[in-house]
Amino acid sequence: MGLGAALAVLSSVRDADGYNLYNNAPPAAFAVLERAATTTGDCAAHLDLLQLISAADLPRDADVATEAQRAEDACPNDPTPGWLLGQFQSLRAVQTDALGLPVSVPEGTAAAAKATFDELVERFPRSATVLSGAGDARVREGERIAGERPFTAREEFQAAAAYYRDALELSPTAEISAGLARALVGLGEPGKAVEVLQDAAAATTPGFRMELLTAAQEWAHDFTGAQETGQEHAQLGPSGYPQGNALFATPQSGASFDGDELTIPVVSWGIDRFAPLEVPLEYYEGGGGASVDDVSFVPRYRPDAPWTGPNTRCPDWGWIRDAVLAGNADDALDGMARGELREVRPYDAYACPFFPHPPRNLIRLELGETVDVRPGILEKLYDRRQNMWRWAGDLDRAADVAEDWTKDADGSRWESLPAQRLAEIRYLQGRYAEAASEFGAASRAIRRAHWDDELGHQRAELARASALLHADRRAEALDLLGTLAPDAEFSAAYHLQNGTQYDVEFAGVAYHARTILADAQLEDSEVDAALESYRAAEEQLATLDDQYSPVVGYRPERLYNNLALARLAAGQETDAADAVERALDVDPMNPAFLMTAGFVADRRGDREKAIDYNRRALESDPGAYPAANDLGVQLARDGNNDAAVDALQQAVTANPDYALGWFNLGVVHGRMGPAHLPASQGSFARAARLDPDLADRRPDLTIDATIYRTGLDLSKPLPPGWSFGGLRPAAPAVSVGLIAVLALALAVARSVGTSGQDFASRWAESVDHHMQKVPLVRHLRAPAWGLGLTVLLLWSSVLRQGWSQAWVLLAAAVALAVIAGAALRARTAVARPTRSTAQRSWPPGMVVGVAATVAGAPWAPLPVLDDTDRPSTRVHVAAPLVLLAIATILLVEAAWLRVPLTRAMAVAALIMAASTLLPIGPLDGARLRKGQLVAGAGAAFALALAVLGLG
């Protein structure tokens with residue numbers, strides 16, 4: 001067994017160029033270890049054999065799985081076999097090449113790696129090694145899928161960070177901190193990653209950690225720090241890397257890993273101790289592959305190694321580039337003068353770039369010096385400079401370089417590219433009008449320089465159309481897209497039929513033109529036209545999908561998501577569900593796609609699926625407040641009010657200005673009993689303050705119909721027709737306006753003459769006299785009937801507005817009784833010092849009240865004063881005055897707090913006041929003097945306008 005282990009160590013020894021020094025050692029080690037493991041069943045022999053097979057330069061998936069099981073049997077209660085298997089599976093999931101040739105990855109390898117570590121975590125929850133290994137698997141998977149499935153990747157990085165933090169509680173080591181830092185970088189927090197790495201303890205061989213620190217500083221745009229770390233790393237050289245007997249099985253020769261820009265094989269545990277191990281165990285015959293260029297019309301930057309991206313494997317060059325970006329170009333020039341760039345990884349030859357032309361001219365341009373080169377070379381230098389600054393995140397500096405480039409361009413042959421690059425930078429800066437102008441200039445310059453460069457011309461026009469849309473020049477953009485899309489489709493078909501290499505390039509232009517056009521048509525409610533454009537975009541997928549690698553910027557999930565919305569708008573719910581499922585197949589944790597899927601499921605009546613989609617959206621993004629709102633509505637419809645309140649609270653916590661969330665929270669609280677009435681009214685008040693249209697909204701649970709735009713280039717399609725723009729005014733506000741206008745009109749009529757009033761009073765007395773002959777009516781003269789009918793009619797108006805919660809309705813009934821009772825009590829209080837006064841119901845008014853309320857214009861048939869007691873004018877003034885005072889107080893409170901119930905009661909008090917002020921006997925208005933009536937009616941009219949103004 002000792003001999004086998006020694007031979008395995010010899011297998012890892014390489015020369016200065018990275019080649020194995022002992023080619024016979026791996027097969028010999030395999031033979032010795034296989035015999036020892038088979039004959040003795042020794043745990044250590046099985047572990048060494050598993051390590052050796054895992055390190056094969058060409059992956060042996062079945063053999064590794066078989067040996068892992070044998071090692072597990074030989075090493076019970078030992079996590080090592082599972083740890084080795086999980087690390088192998090995790091690396092296999094991201095490996096794309098071996099020996100410079102493409103290799104296939106068995107389906108489900110990444111899931112198998114996570115499952116292996118999940119089982120280990122369950123068996124060994126207190127093992128820091130196991131926990132950090134589980135984090136490693138998730139970091140690698142997150143890096144692999146980050147470009148295509150960013151939200152699912154975020155889930156992986158979050159899970160990794162949680163595993164690392166648990167591991168650090170058990171074993172606070174610098175190696176595990178390195179894994180946490182890598183997860184933080186994946187989460188878009190490189191600054192925090194830098195802090196974690198700098199706070200970690202030092203190590204004798206920190207080479208890999210220094211690579212990670214340099215990259216984190218670059219991603220955090222701390223180029224001064226990256227320059228210093230790179231210089232220290234270069235000085236340390238190969239001695240900074242582990243070269244002992246501790247080995248980690250990983251492919252190296254011609255291997256590349258999807259998503260891992262750093263190619264650091266060990267993520268956390270062992271990063272400072274494990275040397276990579278790769279062994280040749282068999283020969284391999286393979287084939288070639290193909291790739292396509294980046295056709296994204298406005299990329300953030302274009303990959304251009306070694307000027308963009310991390311250069312941590314060659315810190316001598318990395319710090320020179322970072323010095324330029326840190327504003328220390330003099331240091332960079334001095335560094336270039338020192339001679340050959342040094343390799344640092346002892347087993348990684350040719351990591352430093354080879355420059356056919358030294359980059360000193362670029363650095364001199366950064367120093368403001370003039371360089372004497374021919375125009376083609378000058379163009380490359382400028383293009384590389386602006387691109388480098390774009391990668392560094394300094395768009396202002398990139399724009400300065402591009403502007404200098406346009407001034408230095410030598411003739412029409414060279415003027416189109418600087419205009420195009422400047423246009424891209426302006427687009428990325430959000431200066432869309434300038435971008436549109438520059439793209440137009442680039443398009444014309446392309447024609448002048450190369451009249452037959454149709455691809456370049458169409459790309460520039462595509463970008464110009466997008467810039468025009470963002471600059472609110474919609475008509476120009478749509479006209480341009482309407483011409484560009486069929487032209488690009490024609491070009492794609494021509495090149496496809498003639499077998500040229502440009503068919504995919506033109507198909508990319510046609511695809512983007514059609515999707516942008518479709519999104520705009522959908523926003524303009526042209527649903528049928530949008531569906532046609534989306535279909536035309538789908539037709540380009542056959543050309544785009546028939547490539548070895550996907551076109552950069554070609555994101556079919558965006559098409560499927562927006563197509564789902566268009567189909568939903570067209571009433572094609574089943575087809576919409578199919579489309580959004582295709583989007584979710586690409587990124588199952590994208591909250592935008594999940595919210596769309598939840599919206600579609602809700603429209604289809606599948607509440608269970610809608611709840612599941614919205615829950616998943618919130619798992620992916622707890623700040624997805626529209627999903628939280630919809631989840632709350634759906635839970636409340638299922639009768640789960642407590643969970644609904646939690647979801648809606650999450651919505652308004654994520655966005656305190658989310659009016660619809662507050663509104664739905666008020667509805668749910670209102671269903672939960674009297675103890676929740678204050679919370680209900682407070683939520684309604686907050687909603688009305690944020691969106692005045694909600695003040696008159698029926699208190700019904702409402703799904704959020706708005707489609708929200710995300711950072712993944714998703715458009716904002718039109719909201720469905722039942723959005724908040726279609727709110728209808730409530731009946732009481734209308735009736736207040738009618739009654740107040742009528743009161744004012746009759747008061748003005750009385751101020752100029754009494755004939756109209758006398759006629760109305762005689763008519764009312766005649767009706768009253770005839771009604772008294774009906775036996776039933778004679779029994780309705782008690783004031784309780786008028787009081788009760790007033791409360792009932794106004795309460796029914798509240799009910800008609802949509803209030804259905806029992807306790808809200810009970811509170812409204814009590815409040816109405818108190819307001820009406822206060823008016824009657826005011827009459828008694830004013831009359832008491834001199835004489836008693838009687839009040840009675842007035843049957844004609846009761847009939848009018850019922851008829852008016854049924855017609856939607858509530859009338860308050862309050863009891864009237866009995867004329868036989870000849871009450872004074874002061875008594876007649878009392879009720880209208882108290883009611884107007886109550887209405888004023890409630891309106892002030894409603895304007896301040898926006899509590900819907902308060903506003904409804906203010907409306908009711910105003911209706912009662914306006915009803916008593918009509919100058920028709922025996923109502924109070926008929927007994928008031930002209931000035932008093934005009935003043936009272938004017939006050940009622942003003943308050944009515946205030947109510948209407950509150951909306």
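At what angle do the axes of helix α23 and helix α25 cross?

**Entry: the model.** I am working from a predicted model, in which local features need pLDDT of at least 70, side-chain atom pairs count only at pLDDT 80 or more, and totals for chains, interfaces and linings use all residues. Residues are numbered from 1 along each chain as its sequence is written, and side-chain values use heavy atoms, with hydrogens and water left out.

**Entry: α23 and α25.** I find that the axes of α23 (residues 527-539) and α25 (residues 556-569) cross at roughly 150° and come within 10 Å. Axes here are lines fitted to C-alpha atoms, for helices over the stretch in contact, with angles from 0 to 180 degrees between N-to-C directions. The crossing makes α23 roughly antiparallel to α25 (angles over 145 degrees count as roughly antiparallel, under 35 as roughly parallel, 65 to 115 as roughly perpendicular and the rest as oblique). I note the crossing of α23 past α25 as left-handed, a term for the near helix being turned anticlockwise from the far one by less than a right angle.

From α23, Val527, Leu531, Tyr534, Ala537 and Glu538 meet Leu559, Tyr560, Asn562, Leu563, Ala566, Arg567 and Ala569 of α25; contact means heavy atoms within 4.5 Å. The residues of this contact divide into nine nonpolar, one polar and two charged.

**Entry: α25 and α26.** I then followed α25 to helix α26 (residues 573-586), where the axes are 8 Å apart at an angle of about 160°. The two are therefore roughly antiparallel to each other, and α25 passes α26 in a left-handed crossing. On the α25 side the contact includes Tyr560, Leu563 and Arg567, and on the α26 side it includes Ala576, Ala579 and Ala583. I record nine nonpolar, one polar and five charged residues for the contact of α25 with α26.

**Entry: the disulfide.** How many disulfides does the rule give? The count comes to one, with a disulfide being a pair of cysteine sulfur atoms within 2.5 Å. Cys43 is joined to Cys75, S to S 2.0 Å, and the link is right-handed, with 115° about the S-S bond. Cys43 lies in helix α3 (residues 43-54) and Cys75 in the loop between α4 (61-74) and α5 (80-94), so the pair ties together parts 32 residues apart in sequence. I read Cys43 as partly exposed at 24% relative accessibility and Cys75 as buried at 2% (buried is under 20% relative accessible area, exposed over 50%, partly exposed in between, with a 1.4 Å probe and protein chains only).

Entry: I place Asp331 in helix α14 (residues 329-337), where the residue is partly exposed with a relative accessible area of 35%. Leaving out residues up to four places away in sequence, Asp331 touches Gln227 and Trp319. Ala55 sits in the loop between α3 and α4 and is buried at 0% relative accessibility. Ala55 and Phe88 are 33 residues apart in sequence and 8.5 Å apart, C-alpha to C-alpha.

**Entry: whole chain.** I list 41 helices and seven strands for the protein chain, taken as DSSP runs numbered from the N terminus (helices H or I, at least four residues; strands E, at least two). Buried residues make up 54% of its 951 residues.

Terms used
Nonpolar A, V, L, I, M, F, W, Y, C, P; charged D, E, K, R; others polar.
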